[in-house]
Amino acid sequence: MGFDLCGIARADQHPRLARLAEWIAQGRAGEMQYLTGSLDERRDVRHTLKTARSVISVAVLYNTDQLYSIEESGSGRVSVARYAWGDDYHAVVRARIRHLLQWLADQAGPGFEAFTCVDDGPVQERVYAEAAGLGWIGKNTCLINPLLGSWLFLGEIVTNLDLNPDTPGVDQCGTCTKCLDACPTGAIVAPYDLDATRCLSYLTIEVRGAVDEALRPALNDQVYGCDICQDVCPWNRRAGVSADPAWQPRDVFKSPRLIDLCRMSDDAWVTALKGSAMKRAGLHRIRRSLAYAAAGLEVSDRAQALAALGEHPSASATVVAEAIEWADIRP
Ligand code: B12
């Protein structure tokens, strides 16, 4: 059915689920209201499905045979996060999960109840994936599988079926701190503790307005999402590689040159973003990040990139215009 891993956890109170409330109270979630608004559901899947007994976790490997972002920084090249290179995983993985759900419903017969989640539902996905034995939650807070690495999309079926649980994953991060050391903004404030408000993924995808000025220079190479804490992870040195057509990179995202992304017209972006997870940020936020990244170029390249950005009619949006202005006057 198109999954690389599958396991089962009980729909119980796993100790890790409690962490979310504390994390939000510490201000770590920033503007991500959707997490706060569904806290009760995220703390316990039985809020959403009272009769839930089991959570079936699946994972899909999306890594392709391309260099990691840290291997090709510099020379005017920038990075779009690996997860967004191909088709939108929400749609692809959801379709596969629905297929599995239908099969389960046919097997189980009357009385079967379930709901599914791929990223956007009120389920703390990594907690159940770990409990279901798909891997462990690493110090970078990603779910790491010892054979495949961490380039994995997660999804779940929460059901009233009473299924035999698998053995939970065991932490194998050991004494390694490569992800904490490599994060350009120090967003992994302690092992297993990510302050999303400093994470480049959050800053480039979730923040709607201007990014905190002190953090902008760190956006240098990462213009949409960020993979650095996974690029440096030893468990990804020999990560699995997927031949799935859904995840093969669109040409435009294969190690793009910043200047080329700045030159792309609205129409070219509409084509590039069709059926892509990158659509989430919207063109204004993408162009805002391109302007922040351009600030890191040497003066003449910077001027060229900002001029190209400023030419698009929609670049007059406040968030883009302000970013261009800021980048232009940086020493
Ligand atoms: C909000 C969110 C974000 C936020 C916050 C990230 C975060 N770490 O929480 C931002 C925008 C920054 C983000 C970024 C990314 N995300 Co995101 N994100 C989510 C989302 C919607 C919710 C996560 C959540 O609940 N966070 C709240 C905190 C409290 O949870 P947590 O970090 O998992 O915390 C756990 C650990 O800290 C653990 N824990 C606590 N104490 C301890 C102590 C020990 C010893 C241990 C072992 C563990 C542990 O318990 C906590 C569980 O509550 C999930 C989908 C979902 N519904 O679950 C996707 C999800 C986590 N994201 C995903 C992806 C792919 C990414 C990015 C790689 C995208 C990118 N390249 O830019 C980055 C990775 C950044 C990173 N290092 O996490 C995948 C992760 C797959 C995987 N292999 O883990 C998910 C599961 C989506 C999916 N369905 O595939 N994301």
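Select S255 to start: 16 other C-beta atoms lie within 10 Å, so S255 is partly exposed (20 or more would be buried, 12 or fewer exposed, and partly exposed is in between, with C-beta atoms placed from the backbone). The model is predicted; local features need pLDDT of at least 70, side-chain atom pairs count only at pLDDT 80 or more, and totals for chains, interfaces and linings use all residues. Residue numbers start from 1 along each chain as its sequence is written.

**Loop residues**

S255 is in the loop between α8 (228-231) and α9 (258-263). Helix and strand labels are DSSP runs numbered from the N terminus, helices being H or I with at least four residues and strands E with at least two. Check the backbone of S255: phi is near 40°, a positive value in a residue other than glycine.

Next select Y192, in the loop between β8 (188-190) and β9 (193-194). Its phi is near 70°, again positive in a residue other than glycine. Y192 has 15 C-beta neighbours inside 10 Å and so counts as partly exposed.

Then go to E71, in the loop between β2 (54-61) and β3 (79-80). Is E71 buried or exposed? With 9 C-beta neighbours inside 10 Å, E71 counts as exposed.

**The ligand shell**

Select the ligand and the 37 residues around it, of which A81, E125, L143, S201 and G225 come nearest (a residue is near if its C-beta atom, placed from the backbone, lies within 6 Å of the molecule). At least two residues of the shell come from each of α1 (19-25), α5 (125-131), β7 (152-159) and α7 (200-205). Colour the shell by class to get 23 nonpolar, 6 polar and 8 charged residues. Ala, Val, Leu, Ile, Met, Phe, Trp, Tyr, Cys and Pro count as nonpolar, Asp, Glu, Lys and Arg as charged, and the others, Gly among them, as polar.

Two packed helices are described by the angle between their axes and the distance between the axes. The axes are lines fitted to C-alpha atoms over the stretch in contact, and angles run from 0 to 180 degrees between N-to-C directions.

Select α11 (residues 282-294) with α12: they pack at about 165°, axes 9 Å apart. The two helices are therefore roughly antiparallel (over 145 degrees; under 35 is roughly parallel, 65 to 115 roughly perpendicular, the rest oblique). R287, L290, A291 and A294 of α11 meet R302, A305, L306 and L309 of α12, where contact means C-beta atoms, placed from the backbone, within 7 Å. This contact has 6 nonpolar, no polar and 2 charged residues.

Move on to α12 (residues 299-310) and α13 (residues 318-328), whose axes come within 10 Å and cross at roughly 165°. α12 and α13 are therefore roughly antiparallel. On the α12 side, pick R302, L306, L309 and G310; on the α13 side, I324, A327 and D328. By class, that contact has 4 nonpolar, 1 polar and 2 charged residues.

Finish with α11 and α13, which pack at about 0° with axes 8 Å apart. That makes α11 roughly parallel to α13. Which residues meet here? H284, R287, R288, A291, Y292 and A294 in α11 meet V319, V320, A323, I324 and A327 in α13. The classes in this contact are 8 nonpolar, 1 polar and 2 charged.

Note on methods:
Contact = placed C-beta atoms within 7 Å.
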